[in-house]
Structures are given as C-alpha cells and as structure tokens.
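Hi,

Here is the model I said I'd pass along. Have a look at it first, then read on for what turned up.

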Amino acid sequence: MNPADQARAFSRGEQPPLDSALRRSVRIAAAKADAASRTPFPSTHHEQDHDMTPSAVDPTARAEQATELQTQNRILEMQLLHESLARAHMQDRLHEAENQRLVSRVVRARRLKQRAERASLRARKALAVALM
C-alpha cells in the first residue's frame, strides 16, 4: 500500500496495518508483563473475574478476605445478638406463663376438692339428722 492510499484509509477511520514484527514485540511485551505479575491473562471470557475479587494466588489478599469475613461474621453476630436475647426472653415469659397456668389449675382443683368435701359433710349431717 502506497502512502497516498494509507492516508485515504486513515481519513476513512481505518487503522493502518501494523508491521508483523511490531505486533510480535507487543505480544511478547504483554506476555512478559503477565508473567512478571504472575497473573496470566484469562484465555476465555469465562475465566475472567467479573467481580474483581483479589487473586487466590496472592496470600495477602487471602488474609484480607479472611479478616473481612471475620469482621462481617462479628457484625452479623452483634446484629443477631438482640434477636437471640429477645427470643430467650420470650422463652422465659412463655415458661413463666405455663407455670402460672399449672399453679392456677392446682389451686382451682384444691378449691373444688374442698367444696366437694364440705358438701359431702353437709349431706352426711343432713342424713344423720333425718335418721335421728
């Protein structure tokens, strides 16, 4: 392609063809940079990390993740502490209510028994008076 054709192609928005040696050197430089950072460039779309999470290769990233998870767990425990205390309080209240129900049943049964005994005594007296 002559220089005039290249100028027309560039004005139409087309990129001029790169020299194969330049392409090769760019590829080699990118590969060396990837090898130096020890994080290979993902070969497919599925290997890319879309969440931008730190690499599993980096031990400092793992430590940071562990401390972050511990912090999140602690925060969650602190938030759920009020809920568990409320649940325990409700259990105590329900237990107290059940005990009070049992006590009231026993008291009521005792009163009914005493009434029945008094009625029985009255009936015996009435029978004794009637027979005498």
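Glu 98 comes out as partly exposed, with a relative accessibility of 35%. Its salt-bridge partner is Arg 101, and the closest N and O atoms of the pair are 2.7 Å apart. Arg 101 is partly exposed too, at 43% relative accessibility. Both residues sit in helix H3, 3 residues apart, so about one turn of the helix lies between them. Keep in mind that this is a predicted model, so please read all of this as a description of a prediction.

How many salt bridges are there in total? The count comes to 2. The other one joins Glu 83 to Arg 87, again with 2.7 Å between the closest N and O atoms. Glu 83 and Arg 87 are 4 residues apart in helix H3, which means that about one helical turn separates them.

Met 78 lies in helix H3, which spans residues 59-131. Is Met 78 buried or exposed? Its relative accessible area is 55%, so Met 78 is exposed.

Now the chain as a whole. The secondary structure comes to 3 helices and 0 strands, and along the sequence the pattern reads α-α-α. Buried residues account for 2% of the 132 residues in the chain. The accessible surface of the chain is about 12600 Å², and carbon and sulfur atoms contribute 58% of that.

One last point, on confidence. The chain has a mean pLDDT of 77, with 64% of its residues at 70 or more. Which helix has the lowest confidence, and which the highest? Helix H1 (residues 3-11) is lowest, with a mean of 64, while H3 is highest, at 89.

Cheers

Note on methods
Residues numbered from 1 in each chain as written. Predicted model: local features only at pLDDT ≥ 70, side-chain atom pairs only at ≥ 80, totals over all residues. Heavy atoms only, no water. Helix = DSSP H or I, 4+ residues; strand = E, 2+ residues; numbered from the N terminus. Buried < 20%, exposed > 50% of the residue type's maximum accessible area, 1.4 Å probe, protein only. Areas by Shrake-Rupley, 256 points an atom, 1.4 Å probe, with all protein chains shown as cover. pLDDT = per-residue confidence, 0-100. Salt bridge = Lys/Arg side-chain N within 4 Å of Asp/Glu carboxyl O.
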